[in-house]
Amino acid sequence: MTIALKVISLLLSYPEQTQLDGLAEMKQALSSSEVPKGVPELLSRLIDDLASLDLYEAQERYVSLFDRSRSLSLHLFEHVHGESRDRGQAMVDLKAMYEDHGFELDTKEMPDYLPLFLEFLSVLSSHEANALLAETVHITAAVGARLKKRGSVYAHAFAALSLFSGVKPDEALLSELLSIKEDDPDDLSALDRIWEEEVVTFGGNAGEGACGPDRLRTQMRAAQRRPDGAAANPMV
């Protein structure tokens, strides 16, 4: 289980060349580990798809899916707290849980970033990891359903997470999340309004480590990722 959760964490991270170079190794690791039935097949579809792309194509698709659509955000608390003050406290609590287990945070990402959360789960016992996955299953199920609706191969990673959790999402919570209108990543006016929302801080520090509008962070991050230093879209 540990290896498979680490693989999902890597597959859901922003594509880098080291990730693409390690795809064959990920598939081999899945075949030699004990995971729920169906998980290797699901993840292999995503691995094979990524292997068919060059780095630029993989990065552009990732940004279009996850960085330009709040309804597909890989930040867990955005789906339940949005930019409210409650999200800041939830961040503090999650950060404390990481630290209590001796898990070192990647300061480039917020604590609720799903790949980071899955990396944390990969160092826990199966019992602990399953319990925490069960607490977030309604969120991952909603994101997975939206990805499946769009015909995205990334839906397979979320289907694999559902198999890991071993529980069905609360139907009321899932329906509530799916009832929220999906935002249009090409609606530039809507993206502008998101950037203008109030910044939420957590803990004692603001600024770079603050919990603020993720779209502004995305704009800055996307610019840094492009080889020429320019964002793929000025409103990303």
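Trainee: Which residues of helix 10 do A4, L5 and I8 in helix 1 meet?
Mentor: This is a predicted model: local features need pLDDT of at least 70, side-chain atom pairs need 80 or more, and totals for chains, interfaces and linings use all residues. Residues are numbered from 1 along each chain as its sequence is written, and side-chain values use heavy atoms, without hydrogens or water. Helices here are DSSP runs of H or I, at least four residues, numbered from the N terminus. With contact meaning heavy atoms within 4.5 Å, the partners in helix 10 are A157, A160, L161 and F164.

Trainee: Is helix 1 roughly parallel or antiparallel to helix 10?
Mentor: Look at the angle between N-to-C directions, on a scale from 0 to 180 degrees, using axes fitted to C-alpha atoms over the stretch in contact. Helix 1 (residues 2-11) and helix 10 (residues 155-165) pack at about 150°, with axes 11 Å apart. Under 35 degrees is roughly parallel, over 145 roughly antiparallel, 65 to 115 roughly perpendicular, and the rest oblique. So helix 1 and helix 10 are roughly antiparallel.

Trainee: Is H138 buried or exposed?
Mentor: H138 sits in helix 9 (residues 126-149). Buried means under 20% relative accessible area, exposed over 50%, and partly exposed in between (1.4 Å probe, protein chains only). H138 has 12% relative accessibility, so the residue counts as buried.

Trainee: Which residues does H138 touch?
Mentor: Leave out residues up to four places away in sequence. The residues touched by H138 are then V80, P169, L173, L174 and L177.

Trainee: What is the relative accessibility of S69?
Mentor: S69 lies in the loop between helix 5 (55-67) and helix 6 (76-81). S69 counts as buried because its relative accessibility is 0%.

Key: Helix = DSSP H or I, 4+ residues; strand = E, 2+ residues; numbered from the N terminus.
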